[in-house]
Amino acid sequence: MKEQNAALLIFTRNPELGKGKRRLAATIGDQATLEIYKFLLNHTKTITEPLQVVKQVWYSEKIHENDIWADDVFKKHVQVKGDLGIKMSAAFERALKEYDRVVIIGSDLYDLSSQDLNLAFETLNTHEAVIGPATDGGYYLLGFNKNIPKGIFEDKQWGTGTVYEDTIRDLKKLNYATLEPRNDVDYYEDIKDVQAFQPFLKNIDVK
């Protein structure tokens with residue numbers, strides 16, 4: 001039975017050639033980057049579909065109909081304009097009006113599993129917040145079961161290695177828990193030795 005009091009927010013970029021993952025594309029090119037991002041989107045869909053929570057996909061630009069996110073499984077929304085902090089803040093504020101536990105993730109984590117996500121929701125039964133640190137200094141998951149702490153999405157240098165530590169400073173006001181670190185995909189170095197990505201890299205001449 002689905003837990004109607006819990007929601008997972010999945011932030012995605014509309015998969016289009018030449019958009020998104022620019023740091024990865026700088027090394028392997030736009031076409032390979034697009035194919036890898038589609039692969040990561042499918043991985044995210046696979047690990048989130050079985051979860052017994054309400055699932056929302058938040059598109060970066062516009063809702064795509066008849067895509068991999070089935071309408072009977074995923075509720076669809078569009079992110080507001082602004083930086084990542086503004087986008088996440090708006091999504092959380094909306095979701096927390098309807099649900100008691102809300103977790104947000106990106107869509108570029110091959111390391112992430114259904115078990116990780118279930119653990120995050122379970123953690124929110126006993127903690128006010130949960131965070132999953134990314135190995136690059138950011139975070140791959142954030143969750144709350146009450147109001148968002150003031151300033152949690154402000155004054156952050158998004159996309160840099162300071163985001164996690166800066167966010168932890170804001171979370172210290174709460175009873176929070178930390179999950180195991182995971183590696184998101186931003187650079188060629190993040191995937192070059194991972195077997196699952198080799199089919200996308202076999203014809204790439206990396207200098």
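The legends below describe close-up views of a predicted model.

Local features are taken from residues with pLDDT of at least 70, side-chain atom pairs count only at pLDDT 80 or more, and totals for chains, interfaces and linings use all residues. Residues are numbered from 1 along each chain as its sequence is written, and side-chain values use heavy atoms, with hydrogens and water left out.

View 1. The largest pocket has a volume of about 1000 Å³. On a 1 Å grid over the protein atoms alone, a pocket is an open set of points where a 1.4 Å probe fits, with protein on both sides within 12 Å along at least five of seven lines, and lining residues have an atom within 4 Å of a point; the volume is the space filled by probe spheres set on the points, which are joined across faces, edges and corners. Among the 42 lining residues, Arg-13, Lys-21, Leu-84, Asp-108 and Asp-186 are the closest to the centre of the pocket. At least two lining residues come from each of helix 1 (22-28), helix 2 (30-48), helix 3 (84-96), strand 4 (101-105) and strand 6 (139-144), where helices (H or I, at least four residues) and strands (E, at least two) are DSSP runs numbered from the N terminus. The lining comprises 16 nonpolar, 13 polar and 13 charged residues, with Ala, Val, Leu, Ile, Met, Phe, Trp, Tyr, Cys and Pro counted as nonpolar, Asp, Glu, Lys and Arg as charged, and the others, Gly among them, as polar.

View 2. Leu-142 counts as buried because its relative accessibility is 0% (buried means under 20% relative accessible area, exposed over 50% and partly exposed in between, with a 1.4 Å probe and protein chains only). Not counting residues up to four places away in sequence, Leu-142 touches Phe-92, Val-102, Val-103, Ile-104, Val-130, Ile-131, Phe-153 and Leu-171, a contact being heavy atoms within 4.5 Å.

**View 3. Thr-167 in helix 5 (residues 163-171).** Thr-167 is buried, at a relative accessible area of 0%. Once neighbours within four places in sequence are set aside, Thr-167 is in contact with Ile-131, Tyr-139, Ile-152 and Lys-156.

View 4. Lys-76 counts as buried, since its relative accessibility is 16%. The side chain of Lys-76 makes polar contacts with the side chains of Asp-67, at 2.9 Å, and of Asp-71, at 3.0 Å. A polar contact is a pair of N or O atoms within 3.5 Å; within protein, one must be able to donate a hydrogen and the other to accept it, and residues adjacent in sequence count only if both atoms are side-chain atoms.

**View 5. Aromatic pairs.** A search of the whole structure finds eight aromatic pairs, in which rings of Phe, Tyr and Trp (its six-membered ring) have centres within 6.5 Å, with planes under 30 degrees apart counted as stacked, over 60 as edge-to-face and the rest as tilted. Phe-11 and Trp-58 form a tilted pair, 6.3 Å centre to centre with 35° between the planes. This pair links strand 1 (residues 3-11), which holds Phe-11, to strand 2 (residues 53-59), which holds Trp-58, across 47 residues. Tyr-110 and Phe-197 have ring centres 5.4 Å apart and planes at 70°, so this pair is edge-to-face. Ring pairs also link Phe-39, Tyr-110, Phe-197 and Phe-200 into a cluster.
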